[in-house]
Amino acid sequence: MKKILFLIALLFNILTVSAQDKVKFHNGNVGEGKVVEVTPQYVKFVYTGEDAVVMIGALAIENITFKNGRVQEISSKIEVKSSADWEKVKIVHDKNEVFGMKSLGNVEKHSNGAWSLHTSTGHFMKKAQQKIQKEAAAKGACIALVVNESTTEDKGFGSYADSSLICELYTY
């Protein structure tokens, strides 16, 4: 009888220890461990056998399967297959959203004009963003993190506006 109770207790411990949260990444990898926190920008996670809490950008994660079986969708995969997909490139401002993603380097773009009906900084910032998205798509990036942005506007004679963006490009 003691052997049966011991085996039942051992089996229960094995099942309890093997039940873990699973994080499925957009790049196909799966991480096992314990999810500590989920926010719209990131997930805090402890890998099995480790003590360190890592922060992973939500944009890198497809879903989480919790040890109780519940599945929580985190983000949709952004598929940029060619430069024609430039409009799919997502521009973000929060570094937390890209933790755990692969950096493809920085890109800087400007847009400006004078004596135009469209001399507002909003118009030229949109143009600079489109240039960033087009270059990102050409390099295979799906996300552009804004590192620095600046705008200037002169409404005097000759009306002039200028917008500049520096972004770090990311992929899965």
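A residue is called buried when its relative accessible area is under 20%, exposed when it is over 50%, and partly exposed in between (1.4 Å probe, protein chains only). With that in hand, let's look at this predicted model, where local features need pLDDT of at least 70, side-chain atom pairs count only at pLDDT 80 or more, and totals for chains, interfaces and linings use all residues. Residues are numbered from 1 along each chain as its sequence is written, and side-chain values use heavy atoms, leaving out hydrogens and water.

The protein chain has two helices and 10 strands; helices (H or I, at least four residues) and strands (E, at least two) are DSSP runs, numbered from the N terminus. Of its 172 residues, 35% are buried.

Now for the charges. Side chains of opposite charge can pair when their charged atoms come close. A salt bridge is a side-chain nitrogen of Lys or Arg within 4 Å of a carboxyl oxygen of Asp or Glu, and the structure holds six of them. Here are some:

| Salt bridge | Closest N and O atoms |
|---|---|
| Lys24 and Glu62 | 3.7 Å |
| Lys44 and Glu37 | 3.7 Å |

Which strands does the pair of Glu62 and Lys24 tie together? Glu62 lies in strand 5 (residues 61-65) and Lys24 in strand 1, so the bridge joins parts 38 residues apart in sequence. Lys24 is partly exposed, at 35% relative accessibility, and Glu62 is partly exposed too, at 26%.

Elsewhere, Lys109, Glu135 and Lys139 are linked in a network of salt bridges.
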